[in-house]
Each structure stands twice: as structure tokens, then as C-alpha cells.
Amino acid sequence: MSFLGKLERVDPRAIYLLLFLVISIPLIRPIGLPISMSPMTISYYDVVEKIKPGDVVVISMDYGPASMPEQYPATKATVAHMAAKGAKIVGLGFWADGVPFMDRAFKEILGASKDHPKYGIDFVNLGWVPNGEVGMAALGKDVQATCTKDYYGTPIGALPMMKDIKSGKDFKLLITIASGTPGVPEWLRQWQAQFGLTTITALTAVSAPGVRVYFPAQIAGIIEGLAGAAEYEVLLARYGYKGTLAPPMDAQSLSHLLVIIFIVLGNVGFALKKYGKGK
Amino acid sequence: MTIPEILGTLMAAAFTLMIYSFFYKENKAYRLAEHIFIGLAVAHGAVISSKYMWDTALTPLLMKGETYWILPMLVGLLFFFFFSKKYFWVYRIPISTVVGTGIGLGMAGLMRSQFTDQIRQTIGLTDPKAAWYSGSYPINAVLIAIGVIGTLFFFIFTTEQKGPLLYASHIGRWTMMVAFGAAFGFTVMARMSLLIGRMQFLLDYPTGVAWYLIPVAMLILAAVVLMERSKAAKKA
Amino acid sequence: MSVAMRRNLPLVITFIAGMLVIGDYYFKVPDYNKLIADWLKFVNVAATFAVVIGMGTLTRIHVRRLSQHKQGWHNSLALLIALYGLLITGLVLGEGRFTEHPTYAYWFNNLYVPLDSTIFSMLAFYIASAAYRAFRARSAEATVLLISAVVVMIGRAPIGPALWSDLGPITSWIMAVPNTAGIRGITIGVALGVLSMGVRVLLGRERGYLGPGA
Amino acid sequence: MLVTLYLTMKGIKAPTIRKIAGLDAIQEAVGRATEMGRPVHFSPGIAGLATDTGPQTLAGLSVLAHVAELAAKYKTTLWTTIRIPQVQPLAAEIVRQAYVKAGAPDDYDPDKIIYLSDTQFAYASGVVGLMHREKVAANIMIGGFWAESLLFAEGAYLTGAIQVAGTANTAQIPFFVAACDYCLIGEEILAAGAYLSKDPLQIGAIWGQDYGKAIAIVMIAIGIVLSLAGNKDLWNLLGKLW
């Protein structure tokens, strides 16, 4: 078989090896390819930008360790942005495995979580809320009864900022960092529909097309995957926020190009075989 | 970094590479990692469930004297009749409770969020001033409506698809093909992100200790390949 | 107990459970809604017991392999050690802290988490090989699939719009128009399918899940 | 829908259902595995029963009953892998009864219905490993699938298996379409139980579904015209339903 004929059936292991290389090389030596800007990321940024000091915002960790590489940068950037705008942040999560990321984001952005002097005044971490969608409904009806303690075991009554937060009505903005169920549709049913609350979300790229149908009527802004997070980091540069996503974006671009090259090669091989036979 | 931390990182890196060795072919290292993972995952699931049971049922039962929590536990115990030959059917009681509840959850609110709301979104007011690529731009709104209608025609089951119906369902097929291609292309990004995340773990400072395992793994792999080649050569 | 009852009791329970939950959505009666919130917890607690069945059968399979020294028995041993080691750490040694116990967290973070994200990341390799294999211009339909995939793939790469500035909007159009239409059509269909399936199950007509002849 | 159920129950009309290629392909797949002397793998998906995606798992189990009957008839090994603990006894019972029905109760092996943890990717690693070790020749996956869909589809492709897959999770259908030989899209899996059982009453319910779609089609057609004319009446009306 000729070289071109082989293009039709490349050993998948060759693809795996090339992909491995194409991803590791830019991580070791960043190239600095340009980053674009999606309108959904801009809307997300604009919504957070409209927060006035003292507005209460709920941010929910609805993802697990598996999608952490994709979701955590957006989590961190959002916390930084909210802190810069002076929001009162209520952190929680409907995925048990995701809640530690809230604590981590507070530590990395604000320097400390429960030991921070402003903990309980400017931000709280209410921890994992069980029972998925049912839990969301319960939380919307009565925050105090659903979360009796915060993530660290402090009774909710001992947190000054929670005094005026009774139900879903007391929030100005809902942010869900979501990657599955429970996630966006559940929040929309139980909170957005009930309280007319402005809702924005950061998603894994895979769940994004399904959620896009809610934009802009029900969801006011979307960060889509790691690329969305990288765009958000660029927008946050004006607050002096230092992102970490530039080298991964190089790797991302190159890996897309590699896949496309393979698709093209596959089709060239396919066409040669098909029309070669015809002769 | 403390010794347990370094060991932990090395362990994590070693298992990462053991899994990736699968790409060469299914092998002993992958098999071991897979079995350990399943063991851990079953245990984790059981621990999470126990915690849930503890928080939801046992604490109110023992601490607050809410005796009715004994009920779900008794129903749950009926699952064990699965192992009985004679009263085997009893396990269907908890199962049907679970299934009924699931069906109920699936059906409640379904017609609103996935039926009328979807229709409403398709026929919401159009906006001629919207960007040309936005879904509310008039031409796009019409295209979406045609696409949705075509897709629905594709799923008509009880009428044979011929004549105009066939054309309509062809529109549906085409719309779905574009949608699937787009969703596939879109997902490439997410999947590459995950791999990048793993590679960052292997390559980054201060967990960079993991770096040194890659050449080791490569050497092992090379040795295995050579051994297999020589074995195959002997046989031949 | 009679055969008829054995057959019908599960169907009656299914019906009642389903109706209770559906009613909760349509009737806003505080006491009733609270009851259903508790009911859902009830069901979850009862369902939790099934974990033991899964664990039991898995243990049985691997103990058997181990005792018969079947090929790969050391993998079975590793599985059992991992399972019961972590289980004991979480339940017995966990001092009531379950997953938050430091020893538990150590194994969880250094073994479970990396394995979880590594398996997930295998998808990157598979999506590349699947794209190479599946996206061939075999027919008109396949070509449409291929083109829309490639356009979105470049469009979503961070570098895409830098290569060609119209790519961003074109990607957005594909996602906003044909993608939305296709997904929405399927969603409406699935809603009707679930409704119909629900009616069939609640009325006891679809019993496939109870086994053939149940 | 209740109306159509009533009509079929009274025997006033007996609707027929169109061919669903994916479901017919199951027989071919099991048959081919039998010829090759290699096993079949079945997965009912990873959706929990007490969730709103539970119906997909039930749909998967209805198909399992069919697959198990075929496997029993052809005397082919059938591996069933399970992620949801509550599904394990159901699946075991379905497979057992299928073997009894096919007159081969002794061929039933409970160890071939394996629970592989309720963690998504641990389950996935187990399934992929199993498919390779057992060299499955047919891979049938019907139910609620999430990210693991492509792991299974590519994993089985590498073993050379013929694949029939279906899910109602819109985000995963593209992977099944791209990587599998036959794909059931969305609603088709939910109709599988009715299709395979050929129970006229169940098909009556499917007929009702078609009326639902017809209503949706008419409303969208009218609605889009009204919307272009700037009229919001239908839109408002729909908002008040349910």
C-alpha cells in the first residue's frame, strides 16, 4: 500500500502519541498564541461588573474533581471579581466533592477562609447542600433551615451576614459553576423561575450547547469551558488579576489543529481510495 | 514538601501513567490500576452513603427521637430479600418505591420545562436589530422553527415516512447532523482541557517530581515491547 | 401471599409513589409539600441499602477468583484490599468524620482523585481517534456532520478567530441556530417520550424493568 | 395520550410502529457475536432510578430483557455492567428470567452481571477493561449516558465490536452517532420497550406521543408566524399552561 493509501487507516496509537506531544510541548515552552473573545463571556463579565458593594451573591460548586481542571480557574476568577466589586458572597455546593474547591478559592483569593477577619461578614461557605434539586427548592424557601451550619461547623446564626438572608429572594445574583446534574436546569426551575433571579453560569464545554438555549432569556451570561475562563481572565486583567491559562490555551489550539489535520488526512486517504478504485 | 506528600504525588503520577499505558494496549499495569480504582470507588460510595444515612436518618432518629426514620430503613432492608430464594419477590417493594418516585420526578414539571417552555423559546418575539448570528434575528428564528419542526417529524413513529412527511423528516435529519457535528467539535475543547489538566499535574512545579516518572514509564514500555517482539520472533 | 398480589403489589406501590411526587409539583399545599420533601429523603435512605447488594456481589466474584487462584487473582486481591481498606478507614477509623478524616482524605486525594481525572482525560485521546475515524465525507449527511464539526472545532480553539475573524460569529451561528433547533427538537421529543413511558409504567403496562414475564 | 390509550384499549384503532433500525440491529449484533464465539456486553447507562433521568434506565432495562433472551437462545455469553446499585438486582432478575424463558436456566451466571461501583469513571475504567479482556464482539448500550459514552464506544471499537447505542442525553448522542454502528436517538430509546414488546397498548401510548409532536409542530408553525407579526398571544397562553 502506498504512503497516501495508509492515511485511510492510521494506527490510533500514532494519534495518541502525537497528541501527547502536542499537548506537553507548549506547557513546557509556552508559545503565546492570541486569545479571542466570545459574547457570552463578555455578558458574564458585564453581569458581575454590575454588582454594587453589599449585594448578596450565591455561588454554587456544582462539579466534582473530575472536571476540576476545567472549572476551577473560572471559580477562582469569579471569586476574585466579586471580591473586587465588594459583593457579599455566599458559597455552597450541591456536589459533595465540589465544596472543597470553594474553600480553596477563598484561601487563594482572599488569603484565608474561616480564619479571615471578614469571614461571616463579607463571605461565607455553607458547604454541601444534599438532595440535589429537592435541596435547591428547600434552600430557596428557607436558607436558615436548610443550612443550619456552615462548612466549618459554625451555626448559621453566628454568621452576621446571614442574618438578613432568609430565602432566595434576598439574593441579587446566582452563579452556578456547573458540569452536570444537579446543575443549570435544576437551578433555573427552582430559583430563577421562582425568584426571577439573574443567573449566570460557568460550564464545562461539553454541557454548554445544552445550556445555550437558555441564553439570554434565563441565563444572562455563560463561561464556556477553559477557553471561556481564559477569556474571562483576559477581561479581569484590568483588576490586576493574574491568570494561569495562557500556556494551556496554546496547547488547546495546537491540539485542535492536530485533530483537524488528522480529519483532513483521513479524508484525503478516503478520497484516494474511493476514486483510485474508480479508475 | 513532606515525605507523605512526595509519596502521594509519586503514587498519583504512577497511577496516571499506568492508566495511560492502556493506549499502547490493555496490560497488567492498567488492570491493576483499574481494579484498585473500582475497589476505592465502591468503598467511597459506601462511605458517602453511610454518611448520608447517618446525617439524614440516624441522627434525627437517635438524637431527636424522630422514630419515623426507622421506616425507610426497614423498607431498605427489604432489598436483602434479593438473596433469598423463597421470598425473593419482596425486594420488589423497595425497588418499586424507588422506580415510582423516579418516574414521578421525571414527569413532574417535565411538560413545562421541556415542552411548553421549549416551544415558547422557539416562538418568542424576534429582534431585527440582533446580531446576524443570534437566534432571535428573524431569519434565524424561522430557520430554528423549521429545524425543530423537521426534527419532530423525524420522530413520528406510527405513520409511515413517505411523501411530504419524508421530506420533513429529512430536514430533521440534516438539522440533527449539523447539531451533532457542532456538539462534537465543541466537546473537543473540553476533552483537551482535561488532558491538559493531567499534563500540567505531571509537568508542573512543585509537583514536578512526577516529571521523572515519564522517562521511567517510557523505559518500562520500551522493555515490554522489546520482550514481546523477541518472543514473537522466537515463535516465528 | 398469592401470586396475583406478588405481581400487583409492586405496580401499586409504583403508582402511588409516582403520583405523590407528581402531585407535589402541581399542588402547593405547604404540609403536603413538606411531606414529599421528607418522602424523597425516605426513598433515598431506603435506596442506599442497595449499595450493600452491589458490594456483596462484587466481593463474592472476587473472593471466588482469589480462592480459585484464577488468572488475575492478584488484581482481585488488590481490589478487595482497596475496597475494605478505604471502607474501614472511613467507617471504623473515621471517628464519625467519614470522608473528612485526614487518613481517608490522603488516600482519596492521592489515589482516587488522580485516577478519576486520568480516566476522564482518556477522552481527549479517544475524541481525536474517533474524529479521525468517523468524520469521512462518505455521504451528504456525513459531509454536513464533518463540516460543522471542523468549523466549530477551529472556531472554539483559542486561536481560531485570530486565523479568520468571521469564524467566531459563524461558530456562534451554528451553535445558536441549527444546534439549538436540533437539540430542542430532540428535547421536546424526549419530554413526550418520558411522559408516555411514565404513563405506561404508572399504569403497569411497561414492566420490562421487572423482567420478562413479570 | 390517555385518549389514544383508550382507543387502542377498546380496539377501535391498532396503530403500527415504524421500523427503528437500531433496535432491529440488536439481533444482528448478538448473532454476529455468536458466530465469532465471543461475548456480548450490555450497559443500561448510569442514570439513577430515583432521578429525573431514571426513565432512561428503565428503557435500557427493557432492551436488556430482549438482549438477554437473544443471548440465552443463541447460547452466547452476556456481560452486563451496572453502575447504579439499585439496578443490580433488577438486571440480575431480568437476565435470569430471560434464561428461564429460553429454557436454559442453567446457563445463567449471576457473576456476569457486575456492579462496578457507583463512581462514573471507576465504572467506565472497569467496563473498558472488561471489554478488552473478554474481547466482546457486540456492545449494546441503551440508557442515560454522560461523558463515559465515548470511552465505551471507542473502547469497544478497538476490540472490533459491532455497536448499538442509544441515549436521550442530547450532549452524548453525537458521540454515539460518530462512533457506533447503530444509534438510537433520544425518544427512540424510550419507545424501545413498546417496540420490542409489540404490546398494542404500549404502542397506543406511542401513538399518543405522535399527537403530542403534532400539537408541538402546529403550535410552532402558528407561533412563528405570529411572532414575526409581533403578536405575543400564543406565547403568553403557553406560559400559563401546566
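**Domains, interfaces and local features**

Modeller: The domain assignment of chain D, with bounds from an automatic or database domain assignment, gives domain 1 (1-16 + 199-242) and domain 2 (18-190). This is a predicted model, in which local features need pLDDT of at least 70, side-chain atom pairs count only at pLDDT 80 or more, and totals for chains, interfaces and linings use all residues. Residues are numbered from 1 along each chain as its sequence is written, while chains are lettered from A and ligands numbered from 1 in the order in which they are written.

Biologist: What distance separates the centres of domain 1 and domain 2 of chain D?

Modeller: The centres are taken over C-alpha atoms. On that basis, the separation between domain 1 and domain 2 of chain D is 32 Å.

Biologist: Which element gives the most to the side of chain B that touches chain C?

Modeller: Two residues are in contact if their C-beta atoms, placed from the backbone, lie within 7 Å; by this criterion, 97 residues of chain B meet 99 residues of chain C. Elements giving two or more residues to this side of chain B include α1 (3-20), α2 (28-63) and α7 (164-203), where helices (H or I, at least four residues) and strands (E, at least two) are DSSP runs numbered from the N terminus. With 24 residues, the element that gives the most is α7(B).

Biologist: How many residues does α7(B) give to the side of chain B that touches chain A?

Modeller: This contact takes 23 residues from chain B and 28 residues from chain A. On the chain B side, the elements giving two or more residues are α2, α5 and α7. The largest share comes from α7(B), with 16 residues.

Biologist: How many of the residues of helix α8 of chain B are buried?

Modeller: A residue is buried if 20 or more other C-beta atoms lie within 10 Å of its own, exposed if 12 or fewer, and partly exposed in between, with C-beta atoms placed from the backbone. Helix α8(B) has 23 residues and is hardly covered. Its count of buried residues is zero.

Biologist: Is Gly166(D) buried or exposed?

Modeller: Gly166(D) lies in strand β5 (residues 162-167) of chain D. Not counting residues up to four places away in sequence, Gly166(D) touches several residues, among them Gly22(D), Ile142(D) and Phe176(D). Because 30 other C-beta atoms lie within 10 Å, Gly166(D) is buried.
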